[in-house]
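Hello,

Here is the structure you are taking over. Please open it first, then read the notes below it.

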Amino acid sequence: MANYTYTSVPDQGAKAGVLAYLVTAATVLLLMMVFGLLMRMEQAQFISMGAIWFYELMTLHGAGMVGIAGISGAAIMWHFLRQYVALSQGVFIANLVLFIIGVAMILASVLFGHFYGAWTFLYPLPSKSMGTWSQEAAALFMGGMLVIGVGFLLMHLDIARAIMARYGNFARSLGWPQLFGQDDGKAPPPTVVASTMVTIINIVSLVVGASILSMMLVNLYFPGFNIDPLLAKGMIYLFGHVFINSTIYMAVIAVYEILPRYTQRPWKSSRVFLAAWTASTFMVLFIFPHHLLMDFAFPTWMLIMGQVIGYFSTFPVLVVTAYGGLMIVYRSGIRWDMCSMLLFVSLFGWAAGVMPAFIDGTITVNYVMHNTMWVPGHFHTYLLLGMMTMVFGFMYYLGKPYQNAQDSFLDRFAFWGFLLGTLGFTLNLLKSGEESVPRRYAVHLPEWVPYDKIGSIFAMLVIASVLVFIIRFLARLGLSSRDYQRATLARSAAV
Amino acid sequence: MSQQIAWLVSLVLMTLIAFGFAFVAINSGTREEDYPLLQKRAYRLRTKLFWVMVLILGPAMIYTLLSLPYDTSYAGNNIGPVQVVDVTGYEWRWELSRDRVAKDQPVEFRVTSADVNHGFGIYDTDMHLVAQTQAMPGYTNKIHYTFTKAGTYKILCMEYCGIGHHDMMSEIHVGDLKGSK
């Protein structure tokens, strides 16, 4: 077995493009969080905006959150991957420009065209709204999604080009020579392995997503061009599931890169690590049928495959990444600051969120929990307390004034507020799911309202805490682009 | 029932993970310089953890796959002729070929949609979801279910379908006698 030792790596400041990504993501995130809160408050009967507004905000919340998860994940991946391979800044910026154009189209579609067919644009709803929105509004929404998808596809193609230029092919950048042959300790670093995986899965997902969007756009104007609804649903969920999953795989690069700097311990691509990422590459592409478990007409073997892969896919998260994080921190003498705390907790959020997720992927459980609040319950756990927490950790890392800078009381208070708020918010959603409350209902029955009231209060706490994170990041934007040591050294090594 | 098990199992697993993280956080202050040795011990523990997961998740996965809701055996061993209910979802209402069925006698719901995707969810008298399937245009999904308790059950839409989604509710009456139209 190869012997791994830690070698110190200088901390680099972020390029302007990375900061532009993060500022865009932070702005949209706050707005979408407020939309989410308004939805919970409407269900809680604290406010009364009506069903149309509720579903409009729901459509924006979904599309916006998935979009900024992609944007902020891409910022992390690009920032670190650039330190190993030669990436094009032009393509990176082009993706952001296309994203902003797409967002403008989606906003116009919803706010002016009153499209509210949900971010999943499930065929044939966009074209069959009973006149509640126009064809043009639906076309603008799906066109906006398509523009965003094309931007991400361009970025991934550039990443594919850069990785191939450096490593020759994806097999090498996934570390297959070390995985299947002799482990000479020269496998590509975790950032390259993760970026390769994300690039492979997202090129597939974006091409599938762009295909179904194009098909639906044609269908919108030529209804004779019929699409099989089951095929459309399969394509939409392959795209949607893989894309949102990829955002975690991009963001976790921050953990792989930054925690070793805090602990002065290596996080290298060992054989188990490489095996886990190769397995995840295949599993994430074939797990999507777990969204169709209640479509009994779908081939049964594919539905069973959805459950089986769901169970298997808990292994890489728990046994490799979460466990790896615990191992690197255990008796490391790590100095806890906002960055290291957030990154550590993000691994918990990811691992914890996977539990109710794979349980929901059990066909007999899905039979009574599919499309209940259980679903937003589990995905908010790993996206908010996992993925976005990685992004917040990265933001604190970039903006840290100097190596041994202390965090203010307000930041630490916001950290605990965020942890408490997110746990309360997500557990409340899960509990509502256990009580069979259906998701995506503008109006709730009286017996469901108490959950909505509690959820609204936790959501307010989350937003207040995130506001502190974001204001701190924006206030330190000037520091974020400079090159200097940020990560505080662990105790004995710091002397 | 499944819901409570899912909730409890999730809580237990999430708590176990939380304990793992709390344990490591508490024991992070003093540094063990010999990381390779610590790693060696941790890898041994990881192998054990891996096999514990295999031994728990494997049988759980196989056990839960034994009773899939995709065929008639899921309805239980109740006797009597199958009561067929044809269900069609519309924006934004349900059309059921009959709204009364007998208890303890299997029911076959043949579910489809006339326009967009809907979700056919059956809620018991305590408003707990007991069965569901998707209502998709062009396809018919069959639910086999045997009601064991009399009362008025509610039908709710489980797939977002536009402005009337939350209002798309209907009822099905389960009685002691043989079901009649």
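63 residues of chain A are in contact with 68 residues of chain B. In contact means that the C-beta atoms of two residues, placed from the backbone, lie within 7 Å. This is a predicted model: local features need pLDDT of at least 70, side-chain atom pairs count only at pLDDT 80 or more, and totals for chains, interfaces and linings use all residues. Residues are numbered from 1 along each chain as its sequence is written, while chains are lettered from A and ligands numbered from 1 in the order in which they are written.

By type, the residues of the side of chain A that touches chain B are 42 nonpolar, 13 polar and 8 charged. Here Ala, Val, Leu, Ile, Met, Phe, Trp, Tyr, Cys and Pro count as nonpolar, Asp, Glu, Lys and Arg as charged, and the others, Gly among them, as polar.

Two of these helices deserve a look. Helix 12 of chain A has 23 residues and reaches 33 Å from its first C-alpha to its last, close to the 33 Å expected. The expected span is 1.5 Å times one less than the number of residues. Helix 12 of chain A is largely enclosed by the rest of the structure, because 23 of its 23 residues are buried. Buried means that 20 or more other C-beta atoms lie within 10 Å of a residue's own, with C-beta atoms placed from the backbone; 12 or fewer is exposed, and in between is partly exposed. Helix 15 of chain A has 26 residues and spans 37 Å from first C-alpha to last, close to the expected 38 Å. Just after helix 15 of chain A, A:S436 takes a positive phi of about 70 degrees.

Now chain B. The domain assignment gives domain 1 (2-65) and domain 2 (72-175). Such bounds come from an automatic or database domain assignment. The centres of the two domains of chain B, taken over C-alpha atoms, are 40 Å apart.

One open sheet of chain B has 5 strands in the order 3-9-8-5-6, with mixed pairing. Two strands pair if DSSP finds at least two bridges between them. The edge strands are strand 3 (100-102) and strand 6 (129-135) of chain B. Strand 8 (residues 151-157) and strand 9 (residues 170-175) of chain B run antiparallel, joined by 5 bridges. There, B:T152 stands opposite B:H173, and B:G151 has B:V174 as its bridge partner. Strand 3 and strand 9 of chain B run parallel, with 3 bridges. B:V101 stands opposite B:V174 in strand 9 of chain B.

Another open sheet of chain B has 4 strands in the order 2-1-4-7, also mixed. Strand 2 (93-96) and strand 7 (141-145) of chain B each have a single partner strand, so one side of each is left without a neighbour in the sheet. Strand 1 (residues 83-90) and strand 4 (residues 107-113) of chain B run parallel, joined by 7 bridges. B:T88 has B:T112 as its bridge partner in strand 4 of chain B.

How values were computed: Helices (H or I, at least four residues) and strands (E, at least two) are DSSP runs, numbered from the N terminus.
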